[in-house]
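Please keep the sequence and the 3D view open while reading.

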Amino acid sequence: MDFRDDAQLDASQVEDARGGGGGRRPGGMMIGGGAVGLLATIVALVFGLDLTGGSDQQQPAGQVGSGTNLSAQCRSGADADQSQDCRIVGTVNSIQSYWNKQFTSDGRRYTPAKTQLFSQATQTRCGYATSDVGPFYCPADQKVYLDLTFFNELQQRFGAEGGPFAQAYVVGHEYGHHIQNLLGDMNKAKAGAKGATSGSVRLELQADCYAGTWAKNAVSTGFLTQLTETDIRQALSAAEAVGDDSIQQRSQGRVDPDGFTHGTSEQRRRWFTTGYQSGDPRSCDTFSGSI
Ligand SMILES: [Zn+2]
């Protein structure tokens with residue numbers, strides 16, 4: 001994954017709430033708990049999509065942007081090649097540039113979504129969330145939430161190869177949920193629904209496919225010079241590592257399709273590949289037919 005040195009980054013698409021006030025509830029209690037609870041949440045929500053968003057939730061934390069000054073640090077593609085923070089900025093820029101163009105050519109209007117970098121916990125319009133849930137998208141405030149330490153877990157806990165493009169795949173997947181939200185497809189999955197052919201699995205596989213269509217078009221956004229076989233292998237390795245069957249096998253020692261929420265390793269690889277080969281979001285119809 002190599003950025004064009006002269007590509008101009010727009011750091012305003014990423015807000016840095018790390019070390020901010022979002023980490024604690026008004027009362028000072030950290031939510032989270034022990035290892036058992038933590039594992040259960042990860043099983044439920046890896047690359048989570050929180051469908052519980054409602055207006056009766058707590059106010060979002062006011063303290064945003066108390067972390068590093070991304071706009072000062074991340075100005076060009078050269079910066080994106082140098083630091084992880086700036087690479088996330090460049091990745092988000094490329095993804096949104098792609099979708100903006102795609103929506104325009106479909107006669108639609110794209111609404112940008114910010115990514116918030118947080119550490120440990122944050123307040124969202126979907127409620128209070130800890131890092132345990134993994135990266136997620138909140139439809140209620142149209143933001144992607146990302147604790148970068150998840151990427152270490154992706155390698156160490158889930159056994160993915162890792163690397164910059166594994167991270168890009170994760171970000172691309174979360175923006176896939178934003179696309180679903182903009183297109184009104186999110187209600188195709190019922191909150192809490194599980195099972196091998198559930199709406200939840202179909203929604204998640206479509207988000208993987210959308211990550212693939214961006215990957216195919218990433219170079220043409222002008223932010224990246226090229227994608228290599230290594231990049232694609234990193235994405236596929238990440239997709240595979242977070243398959244429901246792999247996670248269940250690792251955590252419970254058995255596979256229970258009734259508990260699937262995101263799709264199997266094979267399905268997640270395959271739908272990313274479908275998007276990557278076609279480069280066309282229309283190939284990402286996971287709602288009609290078999291998956
Ligand atoms: Zn997801």
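C74 and C86 are both buried, where buried means under 20% relative accessible area, exposed means over 50%, and partly exposed lies in between (1.4 Å probe, protein chains only). The model is a predicted one, in which local features need pLDDT of at least 70 and side-chain atom pairs count only at pLDDT 80 or more, while totals for chains, interfaces and linings use all residues. Residues are numbered from 1 along each chain as its sequence is written, and side-chain values use heavy atoms, with hydrogens and water left out.

**Disulfides in general**

- A disulfide is a covalent bond between the sulfur atoms of two cysteines.
- Here, a disulfide is counted when a pair of cysteine sulfur atoms lies within 2.5 Å.
- Three disulfides are found in a search of the whole structure.
- With bonded cysteines counted along the chain, the disulfides follow the pattern 1-2, 3-4, 5-6.

**The disulfide of C74 and C86**

- The sulfur atoms of C74 and C86 are 2.1 Å apart, and the two residues form a disulfide.
- This link of C74 and C86 is left-handed, with -75° about the S-S bond.
- C74 lies in the loop between α2 (70-73) and α3 (77-82) and C86 lies in helix α4 (residues 84-105), so the pair ties together parts that are 12 residues apart in sequence.
- Helices (H or I, at least four residues) and strands (E, at least two) are DSSP runs, numbered from the N terminus.

**The disulfide of C126 and C138**

- C126 forms a disulfide with C138, and their sulfur atoms are 2.1 Å apart.
- With 95° about the S-S bond, this link of C126 and C138 is right-handed.
- C126 sits in the loop between β4 (121-124) and β5 (127-130), and C138 sits in strand β6 (residues 136-138), so the pair ties together parts that are 12 residues apart in sequence.
- Both C126 and C138 are buried.

**The strands β4 and β5**

- β4 pairs with β5 in the antiparallel sense over four bridges; two strands pair if DSSP finds at least two bridges between them.
- A hairpin through two residues joins β4 to β5.
- T122 stands opposite A129, a residue of β5.

**The disulfide of C209 and C284**

- C209 is joined to C284 by a disulfide, with an S to S distance of 2.0 Å.
- The disulfide of C209 and C284 is left-handed, because the torsion about its S-S bond is about -75°.
- This pair links distant parts of the chain, 75 residues apart: C209 is in helix α7 (residues 199-217), and C284 is in the segment after α10 (265-278).
- C209 has a relative accessible area of 0% and is therefore buried.
- C284 is buried too, with a relative accessible area of 1%.

**E204 in helix α7**

- Helix α7 also contains E204.
- E204 is buried but has no salt bridge, and the nearest side chain of opposite charge, R268, is 4.7 Å away.
- A salt bridge is a side-chain nitrogen of Lys or Arg within 4 Å of a carboxyl oxygen of Asp or Glu.
- For charge, Lys and Arg count as positive and Asp and Glu as negative, while His and the chain ends are not counted.
- The side chains of E204 and H177 are joined by a polar contact of 3.1 Å.
- A polar contact is a pair of N or O atoms within 3.5 Å; within protein, one must be able to donate a hydrogen and the other to accept it, and residues adjacent in sequence count only if both atoms are side-chain atoms.

**Helix α9**

- D244, I247 and Q248 are the buried residues of helix α9 (residues 244-252).
- They cover an arc of only 100° around the axis, so they lie on the same side of α9; the arc is that of the directions from the helix axis to the C-beta atoms.
- G253 follows α9 and has a positive phi, near 80°.
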